[in-house]
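Keep the structure open as you read.

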Amino acid sequence: MSIAQSVQNQPGQQLTISNTEAERELKGVERVAVLLLALGEKHGRRIWEQLDEMEVREISAAMARLGPVTPKMLEELFVDFVKKISSNGALNGNVDVTERLLSSFLPGDRVSVIMEEIRGPAGRNMWEKLSNVQENVLANYLKNEYPQTVAVVLSKIDPDHAAKVLGILPEELALEVISRMLKMEAIQKEVLEKVEQTLRVEFMSNLTNTSRRDSHEMMAEIFNNFDRQTEARFLAALEEDNRESAERIKTLMFTFDDLMKLDAGSCQTLLRHVEKDRLAIALKGASETVREFFFGNMSSRAAKMLQDDMEALGPIRLRDVDEAQSGMVATAKDLAAKGELMLSKSKGDDEIIY
């Protein structure tokens with residue numbers, strides 16, 4: 001019996017093989033998809049568990065597009081696989097072999113990132129990624145580590161991010177970390193590599209589970225994208241069912257009216273990035289207070305021209321106003337994420353919301 005026939009006859013096997021289909025050469029990620037499909041759920045499970053999300057997506061997409069695989073195609077793939085792993089009775093792992101293997105099923109840019117981390121200064125990309133982890137998530141992990149370990153980590157990430165993490169840590173731990181950072185000399189390579197390895201295994205690999213968003217934050221973002229009638233309808237219904245959750249969502253939402261909390265510089269930055277016709281439509285449906293706020297952050301001539309544009313619009317649909325206002329809020333959030341302006345829910349609060 002051939003390998004392909006053996007695979008085909010396994011109980012529960014989901015791979016459909018037809019002798020009548022035209023044979024073709026399996027390439028790249030297709031080869032991985034066929035192997036995992038042939039292994040099935042029971043034998044392939046441990047391999048799937050070792051893949052990251054991007055790899056799972058790519059292999060799954062290739063698997064969905066495979067179509068029929070003939071017994072000969074499957075047998076040739078298995079024989080080739082066995083030959084490669086059993087050549088000379090041993091395997092030789094090195095950088096070049098690793099890169100070639102990754103290139104067979106990952107896109108070039110993904111391979112470059114992985115290989116750069118392997119070849120370059122140890123963990124360089126890992127530290128960059130760590131600087132993008134939400135400060136509360138990172139602080140929650142570090143609060144259970146030794147002060148010296150925390151000091152090493154904070155010395156390697158961006159200073160502004162380190163400051164936010166220190167501000168969240170328990171005060172006693174934070175002061176001890178500061179003291180150790182002040183006394184810190186050059187970090188031994190071995191120590192740094194050990195910390196990096198620990199972070200990769202214990203923290204970065206589990207980041208998806210540890211950084212799950214608060215459900216109210218997620219819902220507030222969804223409500224931000226409703227038109228005002230839908231938003232009012234759902235909030236009213238939610239207030240009757242769960243007033244506490246409704247109030248929490250309203251507190252977390254960032255609305256068009258919240259743009260009045262922008263300082264003068266941030267407001268002018270936003271205005272430079274909003275098309276004049278969209279601004280006119282957005283302000284046409286705004287309150288007089290909001291209008292005056294934006295007019296006050298323009299030159300007298302620009303404000304007069306904008307008012308003329310608004311008058312020339314005539315009656316406009318509420319839906320168009322909602323779209324224009326939502327667009328301005330989205331632009332403000334994008335600029336905040338780039339560090340070009342600051343958004344705040346209140347004048348006295350420096351928390352950035354995006």
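This is a predicted model: local features need pLDDT of at least 70, side-chain atom pairs count only at pLDDT 80 or more; totals for chains, interfaces and linings use all residues.

Start with the largest nonpolar core, which has 31 residues. Within it, F256, L259, L270, L283, F294 and M328 touch the most other members. Helices α17, α18, α19, α20 and α21 each supply at least two residues of this core. The largest share comes from α21, with seven residues. As background, nonpolar side chains in soluble globular proteins tend to be buried together.

Now take F294. Set aside its neighbours within four places in sequence. F294 is then in contact with F256, L259, C267, L270, L271, L283 and M328.

Next, turn to α18. In this helix, L279, A280, I281, A282 and L283 are buried. What do the buried residues of α18 pack against? They pack against α17 (264–272), α19 (288–296), α20 and α21 (318–337).

Look more closely at one of these pairs. Helix α18 spans residues 276–284, and helix α20 spans residues 300–313. Their axes are 9 Å apart, and the helices pack at an angle of about 70 degrees. Angles of 65 to 115 degrees count as roughly perpendicular, so α18 and α20 are roughly perpendicular to each other.

Which residues make the contact? From α18 come K276, L279, A280, I281, L283 and K284. From α20 come L306, D309, M310, E311 and L313. The residues of this contact divide into seven nonpolar, four charged and no polar.

Technical notes
Residues are numbered from 1 along each chain as its sequence is written. Side-chain values use heavy atoms; hydrogens and water are left out. Axes are lines fitted to C-alpha atoms, for helices over the stretch in contact, and angles run from 0 to 180 degrees between N-to-C directions. Helices (H or I, at least four residues) and strands (E, at least two) are DSSP runs, numbered from the N terminus. Angles under 35 degrees count as roughly parallel, over 145 as roughly antiparallel, 65 to 115 as roughly perpendicular and the rest as oblique. Contact means heavy atoms within 4.5 Å. Ala, Val, Leu, Ile, Met, Phe, Trp, Tyr, Cys and Pro count as nonpolar, Asp, Glu, Lys and Arg as charged, and the others, Gly among them, as polar. Buried means under 20% relative accessible area, exposed over 50%, partly exposed in between (1.4 Å probe, protein chains only). A nonpolar core is a set of buried Ala, Val, Leu, Ile, Met, Phe, Trp, Tyr and Cys residues joined through side-chain atoms within 4.5 Å.
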